[in-house]
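Reader: I have a structure to look at and some questions about how it holds together. Can we go through them briskly?

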Amino acid sequence: MVSDAGQLYTMEGVAAGIIMLLTAYIVVSTTSIYTTGDTHIPDMQLEQLGSDVLAMMDTPNSVGGKNQLVEFVNENSGNDFKETFLKYCNARTSGDDDNLHMSANVTYRDVSHGNEIKEHQFVKPPNDGSWTGRESAVRVTRWVQLDYQNPPSRDPYGSRAQAVLVEVLLWRA
Amino acid sequence: MLSLDFLAGFTIFLLALIMVVSMVPGLLAGLQSSGIDYDAVAYRTGVILVEDPGWPVNPPWEQYGRDHKDEIQRMGLAVSKDTPNILLSTKVERFFENASTEDPFFTEDDYHNKVIFGDYPYSYNISLSSGNDLWQTGDPLPPGYGYIRRVVKIKEPSVAEINESISSAYTIDPSAPEWQNSTARNFTVRLDFGHLLDPTVSPAYRIDPRIEPVNVTITNFDAYLNNTYDSATLKSVTFQKAEPDSPPVPLRWLSYSEEEPDLYTLHLDEDSHSLTPNEPVNSSISLVLKPAFMTFMGPNSILDIRFNFEEEEDEPPHTNIAGTFPYNYDNVNSPPLKTGVLEVAIW
């Protein structure tokens, strides 16, 4: 004979089993495997690559040779800077080149206009519609020492010797 | 006494519990992303290769032969620890030596123990390209792997090219009284280590014969010949080492009569010879001294490389070359640094 209490035991067992299985299922299906540690890896790779490229552009190829980074900033030639930067960034040892994009700003102190800290857009973001402003970009920077330059002064930094901060935003399309 | 119902309920509960417990490791396995580990190992390997000169430093690891390569602790490719991303071509050549052949200089275990590290036997693919040059070691890439890419510059050894344009400075007038009774001609190349290892010159541009080969090439040798002859005999190449406070002493420890490619190479008109060739030459002389040759040189030593031209008895000298050519920053061609890309893949 089966008593009411016995049926209760069975139902409790079934209910507890279902609850446990359901809980485990919900936990497994809702836990994000993409941990915070993972998100930093592609960023770290891009940051390392970007700072390598800036460092190498800042290294002359011979004693007394030209320093590409200083030269591009001095002459305000953003297009040449972009071309060289992306050439180094996208190069691979084999297979197709990578597809990285960039924009750049130069931060400097404007002595002739009240000693303000100003930002000069060195390389504009691409205007082919691919730039949305929501790209997952990384930021790499390098201080560049500009020497005194005889007038006419270079635009927009003026002729005085100064250190300016080159800031590059780099993202994967 | 337990009722049958309680037993059935408890069994269902236990079965469910066992199922849940068995799901837990799977749950943790999902959180343990192996990709993170591979990327970190690739990053670490990239840092060792690009920012570290390796260990030992003196003598540098790339000079260890096959018999002594077990003494290498770490293989880094940087010129020095102060010049990250500037790689030394001699280290690069040794690191990738015969890598794609049946008999590579470094085995898979060497790469694991001296550059990748870690207990796990990772698979790897390390490649470096610069211009048209490509060096590679490791297995083909699988679909998923840890990865890092570094932009580098490669420093190549300097070459002293003694060509026709400077021939007048090293050509004597055989009719001058001081040369009339002379039967031999000595042309000396002088390496002043105190000058070459000038600490104010960045290691990225420094000429350091202790880590890079010294290359002395005399081209257009016919410009130095005495007009009536079409060749001159190079009897021997000898060496003298001097210290600032002691007189020069000849280096006799070297076996002059046997070719020793690990220490030097000597080519006369493209043909390989020992240091006592006693052979006629009419177009070019090329001497390369390997870093292993410089083991006994101190930071202030002066090394004289003497090319001794002498003919058979009673024969007047066939060449008018003489003098001392200083191997220094003004006279030597230092090739510009070459930009390259290093990729490390680990899985």
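Author: This is a predicted model, in which local features need pLDDT of at least 70, side-chain atom pairs count only at pLDDT 80 or more, and totals for chains, interfaces and linings use all residues. Residues are numbered from 1 along each chain as its sequence is written, chains are lettered from A and ligands numbered from 1 in the order in which they are written, and side-chain values use heavy atoms, with hydrogens and water left out.

Reader: Which domains does the assignment give for chain B?

Author: Domain bounds come from an automatic or database domain assignment. For chain B, the assignment gives domain 1 (38–155 + 336–346) and domain 2 (159–326).

Reader: What area is buried between domain 1 of chain B and domain 2 of chain B?

Author: The C-alpha centres of these two domains of chain B lie 35 Å apart. In contact (heavy atoms within 4.5 Å) are 11 residues of domain 1 and 11 residues of domain 2. Buried area is the accessible area (1.4 Å probe) that two parts lose on being put together, summed over both. Carbon and sulfur atoms give 64% of it, and the total is about 840 Å².

Reader: Which residue forms a salt bridge with B:Lys155?

Author: A salt bridge is a side-chain nitrogen of Lys or Arg within 4 Å of a carboxyl oxygen of Asp or Glu. The count between domain 1 of chain B and domain 2 of chain B is one. For B:Lys155, the closest N and O atoms are 2.4 Å apart, and the partner is B:Glu212.

Reader: Where does the charged end of B:Arg94 sit?

Author: A charge sits over a ring if NZ of Lys or CZ of Arg is within 6 Å of the ring centre and within 35 degrees of the ring normal. The charged end of B:Lys69 is over the ring of B:Phe105, 5.5 Å from its centre. That of B:Arg94 is 4.1 Å from the ring centre, over B:Phe105.

Reader: How many aromatic pairs does a search of the whole structure find?

Author: Rings of Phe, Tyr and Trp (its six-membered ring) pair if their centres lie within 6.5 Å; planes under 30 degrees apart count as stacked, over 60 as edge-to-face and the rest as tilted. Over all chains, the total is 21.
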